[in-house]
Amino acid sequence: MMLAVQNLEVRYGGITALRGVSIEVAEGETVLLVGANGAGKSSLINAVIGLAGASRGTVRFAGRDISALACDGRARAGMGYSPEGRRVFPTMSVADNVLSGACGRGSAAQREALDWLCGLFPMLRERASQPAGQLSGGQQQIVALARAMSSFPKLLLLDEPFLGLAPVWIARISEAIRHMQARGTTILMTEQMARPALKLATRGYVMRGGEIRRSGSVAEIRDVALAEEYL
Ligand SMILES: Nc1ncnc2c1ncn2[C@@H]1O[C@H](COP(=O)(O)OP(=O)(O)OP(=O)(O)O)[C@@H](O)[C@H]1O
Ligand SMILES: [Mg+2]
């Protein structure tokens, strides 16, 4: 199993954001976490990358218990992360934003990553030296995604990659995700916009109130996922 989360609990002060959550992601899968606002999707992604501390439970990655590992250690172990709300470093150039995801690697590997990503997204080359804060929302989401992809992660964590984007950008981001799938990358993604996300996923979990309410193949969770979308 690429990722195995067992009985995870995440609390923020008095608020329990996740209670007894267990999920598994096998190598090569694209697993979707769906659920309304506050369901706990980001808390789960953040607990996997190590940004949210868990008060109970374990996270195993490629067979190894990484529960005690900090965020940077998990990134070095092979996780890439694109946060909710397309967070870029606004005053840094587009190229530096992308390369910040590969900063643990040698310069030859960084060059290779940037060339590959610029081939996928010509916009990155055209805007390479421009401050990322000047880009449109869709362009910033591409930068955030490229940053997460630049280390060629084994597991790519995407938190609401479509949030607030126009259909044309949703299509471009979907295409980028398909490129990662074609490379064999395992993906765990959250999305409130269930419709386009269901087209990319192989399997999914429906979350509500910090718990997993349902899991199964895309066909099995489709109706529940679409109903949750409008809650
Ligand atoms: N930093 C925080 N401090 C306190 N409470 C938080 C914090 N982050 C999240 N929460 C609470 O934890 C619960 C789960 O939130 P979370 O952000 O994980 O949900 P989500 O499914 O990602 O929602 P959204 O669709 O809005 O992104 C919610 O009740 C939320 O208010
Ligand atoms: Mg969220």
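**Strands, rings and charges**

Author: In strand S8, isoleucine 187 is the bridge partner of threonine 30. The model is predicted, so local features need pLDDT of at least 70 and side-chain atom pairs pLDDT 80 or more, while totals for chains, interfaces and linings use all residues. Residues are numbered from 1 along each chain as its sequence is written, chains are lettered from A and ligands numbered from 1 in the order written, and side-chain values use heavy atoms, without hydrogens and water.

Reader: What makes S3 and S8 a pair?

Author: Two strands pair if DSSP finds at least two bridges between them. S3 and S8 have 4 bridges, in the parallel sense, so they pass that test. Strands (E, at least two residues) and helices (H or I, at least four) are DSSP runs, numbered from the N terminus.

Reader: How many bridges join S7 to S8?

Author: S7 and S8 run parallel and are joined by 5 bridges. Isoleucine 187 turns up here too, as the bridge partner of leucine 156.

Reader: Why are S6 and S10 called edge strands?

Author: The open sheet of 6 strands has the order S6-S7-S8-S3-S9-S10, with mixed pairing. S6 (79-82) and S10 (211-217) each have a single partner strand, so one side of each has no neighbour in the sheet. For S10, the antiparallel pairing with S9 covers 6 bridges.

Reader: How do you know that S8 is largely enclosed?

Author: Buried means under 20% relative accessible area, exposed over 50%, and partly exposed in between (1.4 Å probe, protein chains only). In S8, 5 of the 5 residues are buried, so the rest of the structure largely encloses this strand. Thr186, Leu188 and Thr190 cover one side, Ile187 and Met189 the other.

Reader: Which arginine lies over the face of tryptophan 116?

Author: Arginine 183 does, at 4.4 Å from the ring centre. The rule asks for NZ of Lys or CZ of Arg within 6 Å of the ring centre and within 35 degrees of the ring normal. Arginine 172 lies over tryptophan 169 at 4.6 Å.
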